[in-house]
Amino acid sequence: MSDYKQQVSRRQFLNYTLTGVGGFMAAGMLASPLRMAIDPVLQPSRSGDLANVGLAEEDITTEPQRVEWKVEQVDGWYESEVTKSAWVFKNDKGEIVALSPVCKHLGCMVSWEGSEKYPNEFFCPCHDGRYYKDGTNVPGTPPPEPLDVFEQKVENGMLFLGKAHPRKGA
Ligand code: FES
């Protein structure tokens, strides 16, 4: 009788031990991907960050000029430095306009007056995509919507740009 009791006790002990070790290992295996999935969500948003693009407001004219700047990009746990660019100019009202150079058709880079056939327009060489100066897509050309517009501000006479946001299509 006492042998039986001792045998049951060993089984229970083994069960508890294996369950405990198994649970500990499972928790360890799940912790990393779970933390990876949740942690970026808990991080403070960097969307409000605007970067100094190295262009003085007084140097911005009505002629679009391309500016490039570098930003730290955080993708989950991966941090990297990426180069961003924009077409910047002043419109007829003297307001600063900063357009994304990324074509809204399939993502090629547009150029100001990139085609001799279409002066005063942004041109995408990949499929002859065209945009008016304000970034609105020319109807009947491949791009389905206007170029994205960057968040912007001027501080101490310098232009700061943030994220580019889409607009409604033409
Ligand atoms: S990617 Fe620009 S027109 Fe197709």
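Here is a short tour of the model, one selection at a time.

Before you click on anything, note that this is a predicted model: local features need pLDDT of at least 70, side-chain atom pairs count only at pLDDT 80 or more, and totals for chains, interfaces and linings use all residues. Residues are numbered from 1 along each chain as its sequence is written.

**Stop 1: colour by confidence.** pLDDT is the predictor's confidence in each residue, from 0 to 100. The protein chain averages 86, and 81% of the residues score at least 70. Now pick residues 40–47, where the pLDDT is below 50. Beyond near neighbours in sequence, that stretch has 3 contacts in the model (a contact means C-beta atoms, placed from the backbone, within 7 Å).

**Stop 2: the core.** Select A86, V88, A98, L99, V110, L159 and L161. Of the 19 residues in the largest nonpolar core, these touch the most other members. Such a core is a set of buried Ala, Val, Leu, Ile, Met, Phe, Trp, Tyr and Cys residues joined through C-beta atoms within 7 Å. Buried means 20 or more other C-beta atoms within 10 Å of a residue's own, exposed means 12 or fewer, and partly exposed is in between, with C-beta atoms placed from the backbone. Two or more core residues come from each of β1 (51–56), β3 (78–90), β4 (96–99), β6 (122–124) and β9 (158–165). Strands here are DSSP runs of E, at least two residues long, numbered from the N terminus.

Which residues does L159 touch, leaving out those up to four places away in sequence? Show V53, L55, E57, I60, V88, I96, Q152 and V154.

**Stop 3: β9 and its partners.** Strands pair if DSSP finds at least two bridges between them. β1 runs antiparallel to β9, joined by 3 bridges; pick A51 and you'll find its bridge partner, L161, in β9. β8 (149–155) also pairs with β9 in the antiparallel sense, over 6 bridges. There, V149 has H165 as its bridge partner.

**Stop 4: two positive phi values.** Most residues other than glycine have a negative phi. Go to N156, in the hairpin of β8 and β9 with 2 residues between the strands, and you'll see a positive phi near 50 degrees. Is N156 buried or exposed? It counts as exposed because it has 8 C-beta neighbours inside 10 Å.

Finish at E113, in the loop between β5 (111–112) and β6. Phi of E113 is positive too, near 50 degrees. E113 has 14 C-beta neighbours inside 10 Å, so it counts as partly exposed.

Conventions
Helices (H or I, at least four residues) and strands (E, at least two) are DSSP runs, numbered from the N terminus. Two residues are in contact if their C-beta atoms, placed from the backbone, lie within 7 Å.
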